[in-house]
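Visitor: I'm new to reading protein structures. Could you walk me through one and tell me how you know what you know?

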Amino acid sequence: MSQALTLARPYARAAFALAKEGGRLPQWSAMLGFAAQASAVPGVQSVLGHPLAKADDLVELLLPPGDSDPNFRQFLAVLADNRRLPLLAEIAGLFDQLRAEAERVVKATVTSAQAMDAAELAKLRESLRKRFGQDVEISTAVDAALIGGAVIDTGDVVIDGSIRTKLARLGAALAN
């Protein structure tokens with residue numbers, strides 16, 4: 001486990017607790033996502049690490065437009081005071097994991113050789129829902145190198161039904 005994730009974990013848990021207490025999990029997810037994307041811009045990264053940068057200025061830089069949640073502002077201020085703003089991407093990712101667990105949603109990435117249509121995705125979503133006993137949120141990707149089939153990655157479980165992997169296994173079996 002990386003040091004960044006270790007450092008980010010308590011902040012993500014604190015953010016999750018604040019958001020859950022206020023009934024604002026989706027809003028906090030969006031605000032953290034915005035702040036994480038903003039902090040990843042190369043020019044912003046150099047400002048975040050600058051020793052003369054003022055915490056209030058950094059907070060203003062990372063606040064999403066429109067939503068002025070005082071708890072989120074204070075959260076960013078704590079991160080700025082502790083020089084942890086560069087961890088925003090990790091904090092946002094961990095926050096989203098905590099949110100998915102709380103909302104009982106499994107996030108799955110389905111990589112297929114060809115784009116899947118809506119009916120195939122609906123059938124796959126239902127199969128995964130039965131397997132995991134939770135709702136499933138699917139994101140898709142296409143990788144023609146798979147030749148056929150698909151790879152389903154939920155983070156904890158990877159189901160590889162690709163032709164490429166089956167051919168590799170067959171080749172290994174024939175070589176032995």
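This is a predicted model: local features need pLDDT of at least 70, side-chain atom pairs count only at pLDDT 80 or more; totals for chains, interfaces and linings use all residues.

Visitor: What makes up the fold, in helices and strands?

Guide: The protein chain has 8 helices and 4 strands. Read along the sequence, they follow the pattern α-α-α-α-α-α-β-α-β-β-β-α.

Visitor: Why is Arg83 called partly exposed?

Guide: Its relative accessibility is 45%. Buried means under 20% and exposed means over 50%, so Arg83 at 45% counts as partly exposed. You'll find Arg83 in the loop between helix H5 (70-81) and helix H6 (88-102). Arg83 also has a positive phi of about 55°, although it is not a glycine.

Visitor: And Arg104: buried, exposed or partly exposed, and how do you know?

Guide: The relative accessible area of Arg104 is 46%.

Visitor: How does the radius of gyration of the protein chain compare with that of a compact globule?

Guide: A compact globule of 176 residues would have a radius of gyration near 16 Å, but this chain has 20 Å. Its C-alpha atoms fill a box of roughly 65 × 35 × 25 Å along the principal axes.

Visitor: How much of the protein chain counts as buried?

Guide: Of the 176 residues, 32% do. The accessible surface comes to about 10500 Å², and 54% of that belongs to carbon and sulfur atoms.

Technical notes
Residues are numbered from 1 along each chain as its sequence is written. Side-chain values use heavy atoms; hydrogens and water are left out. Helices (H or I, at least four residues) and strands (E, at least two) are DSSP runs, numbered from the N terminus. Buried means under 20% relative accessible area, exposed over 50%, partly exposed in between (1.4 Å probe, protein chains only). The radius of gyration is taken over C-alpha atoms; the globule rule is 2.2 Å times the number of residues to the power 0.38. Accessible areas come from the Shrake-Rupley method with a 1.4 Å probe; for residues, only the protein chains shown count as cover.
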